[in-house]
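Please open the model in your viewer and keep the sequence panel beside it. The tour below goes from one selection to the next.

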Amino acid sequence: MLKISNLHASIEGKEILRGINLEVKAGEVHAIMGPNGSGKSTLASVLAGREEYEVTSGEVVFLGKKLLELAPEQRAAEGIFLAFQYPVEIPGVTTINFLKTAVNEIRKYRGEAPLDAAQFLKMVREKAKLVSMNDSLLKRSLNEGFSGGEKKRNEIFQMAVLDPTLAILDETDSGLDIDALRIVAEGVNTLRSPEKATIVVTHYQRLLDYIVPDYVHVLYRGRIVKSGTKELALELEEKGYDWIKAEVEAAHA
Amino acid sequence: MSTETIDLKSQLISDFYDREKALNGEAQSSFHKTKRQAFERFDALGFPTPKHEEWKYSNVKNLIARSYQFEGNHSVTAETIAPYLIPNLTGNILFFINGTYDADLSSIVSPKDELSVMTLREATNTLPDVVAEHFGKADSQNEAFTALNTAFAAEGLFVHVPEGKTVEQPVIIYCINDARKENIGAQPRNLFVVEKNAEVKVTEIFQTLGESHSLTNAVTEIFVGEDARVQYYKVQNDSQQSYHVGTTHVQVKDRGNFYAATVSLNGSFIRNNLNIAIDGEFCEIFMYGLYFPDGKQHIDNHTVADHQKPNSQSNELYKGVLRGKSTGVFNGKIFVREDAQKTNAFQSCKNVVLSREATMNTKPQLEIFADDVKCSHGTTTGQLDDEALFYLRSRGISKPEAMSLLMFAFCEDVISQIKIEAIGDYLEGIITQKLTQA
């Protein structure tokens with residue numbers, strides 16, 4: 001589904017990603033872990049098309065298309081969804097209005113007829129229920145004054161509505177207490193299916209107790225330096241990242 | 001008056017003398033004396049230049065380089081203006097055509113004991129004391145345009161809301177300039193006296209017909225009595241050849257509530273002065289503004305919240321979207337006089353500049369002479385928030401659509417303050433149209 005080859009990216013002249021290689025197949029859940037500053041969030045942002053990052057070399061193919069050539073909105077329409085680490089507050093734009101615009105723009109891109117108000121509301125209500133999203137939040141301005149937990153839940157709710165093929169969760173666990181974490185994880189698990197894939201970017205192992213990955217990759221200094229199964233995450237939880245750093249240093253020495 | 005003279009000031013001066021000669025006994029009235037004094041001030045001041053601090057960023061040289069027909073005669077009919085009216089807007093609909101109140105076109109639906117409407121000239125006969133007390137409060141001493149308007153005031157409107165009355169239907173004033181054949185000069189003048197514990201909603205709408213130039217020099221004075229409540233909206237969706245200088249002078253008494261929203265969407269040159277003398281305790285003042293210039297349009301808002309007595313509050317929010325080569329000015333003054341302890345005064349001006357060639361000048365000015373007050377002000381001028389834009393795009397919303405959504409939300413902050421639904425809908429429509437043209 002997704003194939004990243006030798007991806008290099010920099011911001012303001014500083015290279016952050018230094019040759020990422022990763023393949024994600026339908027039905028899989030991949031966790032990307034790593035110490036702070038290793039490039040995890042950059043990878044998520046580059047995949048979603050954040051323009052501050054400059055891709056200096058490499059290629060990303062998503063469902064047969066060259067992803068890096070597409071604008072962020074085209075990537076979304078092709079089926080990529082990024083759950084933001086820091087969802088943006090947008091005063092004056094209600095969640096419901098925003099989602100209706102998003103759904104219908106994506107449908108337009110795919111050559112589908114727009115949903116009418118009734119169809120849309122019905123769909124939204126179902127999805128809200130699925131991720132235990134309070135209906136009253138829908139009428140409020142997007143994320144404005146939402147608690148940390150509400151914002152993250154709103155991300156998962158948007159994901160449910162937009163129904164992406166590949167979901168990328170960027171540190172969705174940060175700033176969440178254990179209850180909020182469980183609810184968010186349940187939302188993600190409900191949306192898992194054999195046709196879809198998920199990339200979970202996280203610093204800590206705890207989210208992976210709830211969203212169990214098929215593969216775990218450790219990112220360090222802009223490269224994937226170790227890959228394994230969920231046991232790797234447990235090992236990292238126990239031993240921290242220092243032993244991985246030491247291994248990398250040794251290999252370069 | 002001839003339109004052949006090149007110098008607008010000389011044209012206006014000779015016109016004043018002509019009109020004065022035509023007066024008979026009225027020339028001795030106190031009303032005329034006020035006008036005469038204002039005329040002399042205009043003569044002494046002349047039109048402002050950018051050397052004048054209050055006109056630093058707004059150069060009127062293009063306005064005064066033309067001549068205009070100021071005569072009241074017109075051929076405008078109800079059919080002519082129908083397409084220019086705001087859909088579904090009902091109430092007391094009053095028309096100024098080329099600066100002169102037209103009673104025939106106007107329709108007053110509120111009962112007489114709620115609302116009386118007459119020309120200023122009529123009012124000087126029927127309610128001379130009320131006119132004498134409230135007319136001419138706007139500053140004709142230092143403001144040449146105000147002085148000029150005062151000098152020519154006669155066919156303006158006097159609107160009176162007696163004590164304790166709530167006017168259910170809004171008062172809608174269309175100031176229409178018929179510039180289909182020639183350049184038109186118009187000087188509408190309004191005096192609203194809203195007595196103790198009375199309430200009214202007022203809207204002034206400015207429009208120009210045709211492709212010739214129009215110059216509007218409008219002055220509106222509003223007296224808000226004790227416990228009275230006034231909503232005042234000013235809507236400018238004028239032609240590309242229109243010049244507008246308008247002053248709204250408001251005096252608010254104890255516990256008075258004055259609520260203003262000024263929305264300027266189109267016009268070649270717009271200068272709005274909103275001056276509020278808070279001459280009472282426990283008053284609540286709200287000032288909202290939205291301006292959206294394009295092309296080479298210039299929109300300038302000068303506001304004054306003058307706290308003269310203790311315990312009142314003023315809140316101000318102005319927002320601007322600038323595109324093309326347009327320019328904007330916001331100058332917001334807050335005065336807190338020595339006696340005005342326990343004043344709360346807040347001011348905010350936020351601008352989005354969408355083009356490199358557009359310019360916004362903001363100048364907040366606080367002059368505080370009391371020591372126990374809460375005042376704050378802030379202005380921001382920037383581009384659209386990239387992070388918000390990316391967030392929307394990452395959900396599949398195209399860049400133009402995302403910009404539109406964000407801009408609309410930005411404007412909506414002010415539009416939603418307008419409590420007459422038909423006007424809010426109308427403005428939303430124009431904003432949507434402007435956003436899709438981008």
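This is a predicted model: local features need pLDDT of at least 70, side-chain atom pairs count only at pLDDT 80 or more; totals for chains, interfaces and linings use all residues.

Two strands pair if DSSP finds at least two bridges between them.

**Stop 1: the hairpin in chain A**

Select strand 11 (residues 215–220) and strand 12 (residues 223–228) of chain A, which pair in the antiparallel sense over 5 bridges. Together strand 11 and strand 12 of chain A make a hairpin with 2 residues between them. In the turn, A:Arg221 has a positive phi of about 50°. For one bridge of the pair, pick A:Leu219, whose partner in strand 12 of chain A is A:Ile224.

**Stop 2: strand 11 of chain A**

Keep strand 11 of chain A selected and colour it by residue. Is strand 11 of chain A mostly covered or uncovered? It is mostly covered, as 6 of its 6 residues are buried. In a regular strand, side chains alternate between the two faces of the sheet. On one side of strand 11 of chain A are A:Tyr215, A:His217 and A:Leu219, and on the other are A:Val216, A:Val218 and A:Tyr220; all are buried.

Strand 3 and strand 11 of chain A run parallel and are joined by 4 bridges. A:His30 has A:Tyr215 as its bridge partner in strand 11 of chain A, and A:Ala31 stands opposite A:Val216.

**Stop 3: the whole sheet of chain A**

**Stop 4: confidence in chain A**

Colour chain A by pLDDT. The mean for chain A is 92, and 100% of its residues reach 70 or more. Which element of chain A has the lowest mean pLDDT? That is helix 7 (residues 178–190) of chain A, at 84, while helix 2 of chain A has the highest, at 97.

**Stop 5: where the chains meet**

Show both chains. Here 19 residues of chain A are in contact with 17 residues of chain B. On the side of chain A, the elements giving two or more residues are helix 2 (72–78), strand 7 (90–94), helix 3 (95–109) and helix 6 (148–162) of chain A. The residues on this side divide into 13 nonpolar, 3 polar and 3 charged.

**Stop 6: the two domains of chain B**

Move to chain B and colour domain 1 (8–279) and domain 2 (385–438) separately. Their centres, taken over C-alpha atoms, are separated by 32 Å. The contact takes 14 residues from domain 1 of chain B and 11 residues from domain 2 of chain B. Strand 8 (199–209), strand 10 (229–237) and strand 12 (257–266) of chain B each give two or more residues to the domain 1 side. Strand 10 of chain B provides the largest share of that side, 4 residues. By type, the domain 1 side divides into 9 nonpolar, 4 polar and 1 charged.

**Stop 7: the sheet of chain B**

Select the open sheet of 10 strands in chain B, which has the order 2-1-5-8-10-12-14-16-18-20 and mixed pairing. Strand 2 (100–107) and strand 20 (374–382) of chain B are its edge strands, each pairing on one side only. Within the sheet, strand 10 and strand 12 of chain B run parallel, joined by 9 bridges. B:Tyr232 has B:Ala260 as its bridge partner in strand 12 of chain B. Helix 9 (residues 399–415) of chain B packs on the sheet, touching strand 12, strand 14 (284–291), strand 16 (313–322) and strand 18 (344–353) of chain B.

**Stop 8: a buried helix and an exposed residue**

Select helix 7 (residues 144–152) of chain B. Here 9 of the 9 residues are buried, so helix 7 of chain B is largely enclosed by the rest of the structure. Its buried residues pack against helix 1 (8–22), helix 2 (30–45), strand 7 (189–194), strand 9 (214–224) and strand 11 (242–252) of chain B.

Finish at B:Thr77, in the loop between helix 3 (61–64) and helix 4 (78–81) of chain B. B:Thr77 is exposed, because 10 other C-beta atoms lie within 10 Å, and a residue counts as exposed at 12 or fewer.

Conventions: Residues are numbered from 1 along each chain as its sequence is written. Chains are lettered from A and ligands numbered from 1 in the order in which they are written. Domain bounds come from an automatic or database domain assignment. Two residues are in contact if their C-beta atoms, placed from the backbone, lie within 7 Å. Ala, Val, Leu, Ile, Met, Phe, Trp, Tyr, Cys and Pro count as nonpolar, Asp, Glu, Lys and Arg as charged, and the others, Gly among them, as polar. A residue is buried if 20 or more other C-beta atoms lie within 10 Å of its own, exposed if 12 or fewer, and partly exposed in between; C-beta atoms are placed from the backbone. pLDDT is the predictor's confidence in each residue, from 0 to 100. Axes are lines fitted to C-alpha atoms, for helices over the stretch in contact, and angles run from 0 to 180 degrees between N-to-C directions.
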